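Open your viewer, switch to a cartoon view and have the selection panel ready. We will take this one stop at a time.

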Number of protein chains: 2
Amino acid sequence: MNTDTFQISPLGYISTPFADKFGIPRQPRLAPHAVGTLSLLPPYDRSEAVRELVSFSHVWLTFVFHQTQGKWQPTVRPPRLGGNARVGVFASRSPFRPNSLGLSLVELAGVDTDDGVVLRFRGVDLVDGTPIVDIKPYLPYAESVPDAAGGFADASPPRLAVHYGEQALAQLAVAAPGHPQLAALIDEVLAQDPRPAYADDPARSYGVRLYCYDVKFRVADGIARVDAIEPAGST
Amino acid sequence: MNTDTFQISPLGYISTPFADKFGIPRQPRLAPHAVGTLSLLPPYDRSEAVRELVSFSHVWLTFVFHQTQGKWQPTVRPPRLGGNARVGVFASRSPFRPNSLGLSLVELAGVDTDDGVVLRFRGVDLVDGTPIVDIKPYLPYAESVPDAAGGFADASPPRLAVHYGEQALAQLAVAAPGHPQLAALIDEVLAQDPRPAYADDPARSYGVRLYCYDVKFRVADGIARVDAIEPAGST
């Protein structure tokens, strides 16, 4: 048994449109309109610490799966395999893993050092408030391996078409001034089919929370149909 | 100031040919003959935990830079920039970083579950005994971004030619039965030019420790010349 331990602490907590876990794209970069903002905490909030970072287009975020922290299972059931087959936790990116460390490749959208350090990312797949414990540049010459064998996750997941009902379109128009990218984000998030892998009831209504909105949808015949986009807590 | 902390502990400690930091390739996969072996510690040493891992060709190792743990600097001088220019620590892969977490993409060479769990990797860039805190599959569809902008590290570093002197060749022949891949590993390690970035004295002799050997070399005119390959501690 191992008694060696290391302590890590957040550089900051990322702000994202994803208030809860349900609906979050299962890998980063699948939803480019999912923007995350990270203010570095002291003593990391100095412009020198991010000098030259802007010359990289993509960065790695190492984070803590804080909602599942301390829980792990030797096997997990990846959504990719229909939620039935079990694979080893180390053959998966499951949050239920020893040490609860996550890894996300995101696009660097901006570095603001006017007042502290604020970083902006595109394509995040993290729940709002996730603790970030490291930021590293992506090194394409070493880390881009297009012909690597990707096991059961060898290709992008299939995508759903996304259609809007009349009520949803009207609500989207109301929300647009405050959240101009909401429609694009809904398209990207629902195209990933966020339903649990084992669920396939065309009549069942699901809700995804994006920013302060509950997005209600159903899925049938490869189409996600958005029924309503309501301010959270209004129903 | 941030008081939130998380504890992490090693899944195991990797065995590699690199007894010390000097000479280690500056990124993984530059030296495919650098083989690492990892025995998982209890309670992770069960075959279920790595089920299906063999279907992936590459894996991420998250590790602790244990030799520099607790030390960080807001700026660092990457070898790539000649060791003079400073960049922010978050724009680098420097070991002197907050939380001391490292990330290596390595090739999965074998999974042995006959007695506990033993994993073998190719292309490691870790010092012998490095604590490994996570193992994740590499997802080419999401993580291979060949056109990403790689800043000051946009391409593979230049390589030196590697020549052997007569004494070194004789010593290599003696070592070969016990370490058949030693010559290939020396070639790969010296081709990376392990000298400190600011050093360029053709007469100066350097020593790299690989397995139990001290490999003595000099560099001039783009050629690394191996002078001797001696059992460590013999000089």
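Start by selecting chain A, where you will find 3 helices and 13 strands. Keep in mind along the way that this is a predicted model. Chain A has a radius of gyration of 19 Å, close to the 18 Å given by the globule rule for 235 residues, so the chain is as compact as a globular protein of that length. Of the 235 residues in chain A, 46% are buried. Now look at contacts between residues at least 6 apart in sequence: in chain A, 71% of these join residues at least 24 apart.

**Stop 1: two domains in chain A**

Colour residues 12–151 of chain A as domain 1 and residues 161–231 as domain 2. Their centres, taken over C-alpha atoms, are separated by 24 Å. Where they touch, domain 1 of chain A contributes 15 residues and domain 2 of chain A contributes 14. What is the make-up of the domain 1 side? It divides into 9 nonpolar, 4 polar and 2 charged residues.

**Stop 2: where chain A meets chain B**

Bring chain B into view. The contact between the chains takes 70 residues from chain A and 70 residues from chain B. To see the chain A side, select the elements that each give two or more residues to it: strands E1 (6–8), E4 (58–64), E6 (87–88), E7 (101–112) and E9 (131–137), together with helix H1 (140–143). Which of them gives the largest share? That is E9(A), with 6 residues. Colouring by residue class, you will find 40 nonpolar, 17 polar and 13 charged residues on the side of chain A that touches chain B.

Zoom in on residues 6–8 of both chains. Here E1(A) pairs with E1 of chain B in the antiparallel sense, over 3 bridges. For one facing pair, pick A:Phe6, which stands opposite B:Ile8 in E1(B).

**Stop 3: a helix in chain B**

Next, select helix H3 of chain B, residues 182–191. Show the side chains of its buried residues: B:Leu182, B:Ala183, B:Leu185, B:Ile186, B:Val189 and B:Leu190. Look down the axis of H3(B): these buried residues fall within an arc of 160°, so they line one face of the helix.

What do the buried residues of H3(B) pack against? Select helix H2 (166–175) of chain B, along with strands E10 (161–164), E11 (206–210), E12 (213–220) and E13 (223–231).

**Stop 4: two hairpins in chain B**

E11(B) and E12(B) run antiparallel and are joined by 5 bridges, with B:Tyr206 standing opposite B:Phe217 in E12(B). The two strands form a hairpin with 2 residues between them, and B:Tyr211 in the turn has a positive phi of about 50°.

Follow the chain onward to the next pairing, where 8 bridges join E12(B) to E13(B), again antiparallel. Here B:Tyr213 stands opposite B:Pro231 in E13(B). The hairpin of E12(B) and E13(B) also has 2 residues between the strands, and B:Asp221 takes a positive phi near 50° there.

Methods: Residues are numbered from 1 along each chain as its sequence is written. Chains are lettered from A and ligands numbered from 1 in the order in which they are written. This is a predicted model: local features need pLDDT of at least 70, side-chain atom pairs count only at pLDDT 80 or more; totals for chains, interfaces and linings use all residues. Helices (H or I, at least four residues) and strands (E, at least two) are DSSP runs, numbered from the N terminus. The radius of gyration is taken over C-alpha atoms; the globule rule is 2.2 Å times the number of residues to the power 0.38. A residue is buried if 20 or more other C-beta atoms lie within 10 Å of its own, exposed if 12 or fewer, and partly exposed in between; C-beta atoms are placed from the backbone. Two residues are in contact if their C-beta atoms, placed from the backbone, lie within 7 Å. Domain bounds come from an automatic or database domain assignment. Ala, Val, Leu, Ile, Met, Phe, Trp, Tyr, Cys and Pro count as nonpolar, Asp, Glu, Lys and Arg as charged, and the others, Gly among them, as polar. Two strands pair if DSSP finds at least two bridges between them. The arc is that of the directions from the helix axis to the C-beta atoms.
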